[in-house]
Amino acid sequence: DATLLSAILSFSRNTLEFTFMKHLVLSAALAIPTLLASAQFGTAPDFNVTDIDGNQHQLYADILDQGLIAVVDVSATWCGPCWSLHDSHALQELHEAYGPDGTNQLRVIFYEADGGTTMADLEGNTGSTQGNWLDGVTYPIVNESPVTLNMNIWAPLGFPTVNVIRPSDYEIVLDTWNLLSFEGQVDAINGANIYGIEPGVD
């Protein structure tokens, strides 16, 4: 029912604490999976962003055109489910195993989706953050203001959204936001239709 969906989404978007916490809209996703899936997945638009260390990352030229899977975690420092994912170290382990210092099959990027986030927030030094987001993380962290990624594409159902992008056609094929283990992340990527790349195989 389109009217029911509109009411659900309007409620979630009008409540800041609820807006980007995806577990609160799972009921809507289960009720109308086809509609929400079509809104979430599709061709990933190119981006060129600069991380907190001053390094630039272009989605197409630097990652996908090199035959690498892109894993783009769109989160916010105040978001509880985002912190749960971060604190699981699943993406860090994915980066270590299959990133540039591993088998070199994918790239992980953390994108802070709240344009008001400060370095102090990332470091866990304010009351509006879940903790220290930099500790133990060796993959790129992007914190820009204003935010340049379109959240209707990159996080249409809320935070966190972990976009897994296939290099052959630039398609977002997975959202692994709720997989809080390295093994779960690997199994999901291996189960996707990503031709010629099998991160779970040494």
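Here is a short tour of a predicted model, stop by stop.

**Stop 1: a covered strand**

Start by selecting residues 69-75, which make up strand β3. How many of its seven residues are buried? Seven of the seven, so you are looking at a strand that is mostly covered, given that buried means under 20% relative accessible area.

Now show the side chains. Ile 69, Val 71, Asp 73 and Ser 75 point one way, while Ala 70, Val 72 and Val 74 point the other way.

**Stop 2: the neighbours of β3**

Next, bring in residues 161-165, strand β6. Does β6 pair with β3 in the parallel or the antiparallel sense? Antiparallel, over five bridges.

In β4, Val 74 stands opposite Tyr 111; in β6, the bridge partner of Val 74 is Thr 161.

**Stop 3: a glycine under cover**

Pick Gly 99, which sits in the loop between α7 and β4. Is Gly 99 buried or exposed? Gly 99 is buried, because its relative accessible area is 0%.

Try the distance tool here, going from the C-alpha of Gly 99 to the C-alpha of Ile 69. These two residues are 30 apart in sequence, and 9.6 Å apart in space.

**Stop 4: a negative patch**

Switch to a surface view and colour Glu 93, Glu 96, Glu 183 and Asp 187. Together they form a negative surface patch. Which helices supply at least two residues each? They are α7 (90-98) and α10 (182-191). If you click on Glu 183, you land in α10.

**Stop 5: the salt bridge**

Finish with Arg 166 and Asp 169, whose side chains meet in a salt bridge, 2.7 Å from N to O. The structure holds one salt bridge, and this is the pair to show. As a general point, side chains of opposite charge can pair when their charged atoms come close.

Compare how covered the two partners are. Arg 166 counts as buried because its relative accessible area is 13%, whereas Asp 169, at 32%, is partly exposed.

Terms used
Residues numbered from 1 in each chain as written. Predicted model: local features only at pLDDT ≥ 70, side-chain atom pairs only at ≥ 80, totals over all residues. Heavy atoms only, no water. Buried < 20%, exposed > 50% of the residue type's maximum accessible area, 1.4 Å probe, protein only. Helix = DSSP H or I, 4+ residues; strand = E, 2+ residues; numbered from the N terminus. Pairing = 2+ DSSP bridges. Patch = residues over 30% accessible without salt bridge, like charges linked within 9 Å, V, L, I, M, F, W, Y side chains within 5 Å. Areas by Shrake-Rupley, 256 points an atom, 1.4 Å probe, with all protein chains shown as cover. Salt bridge = Lys/Arg side-chain N within 4 Å of Asp/Glu carboxyl O. Lys, Arg positive; Asp, Glu negative; His and termini not counted. Charge placed at Lys NZ, Arg CZ, Asp CG, Glu CD.
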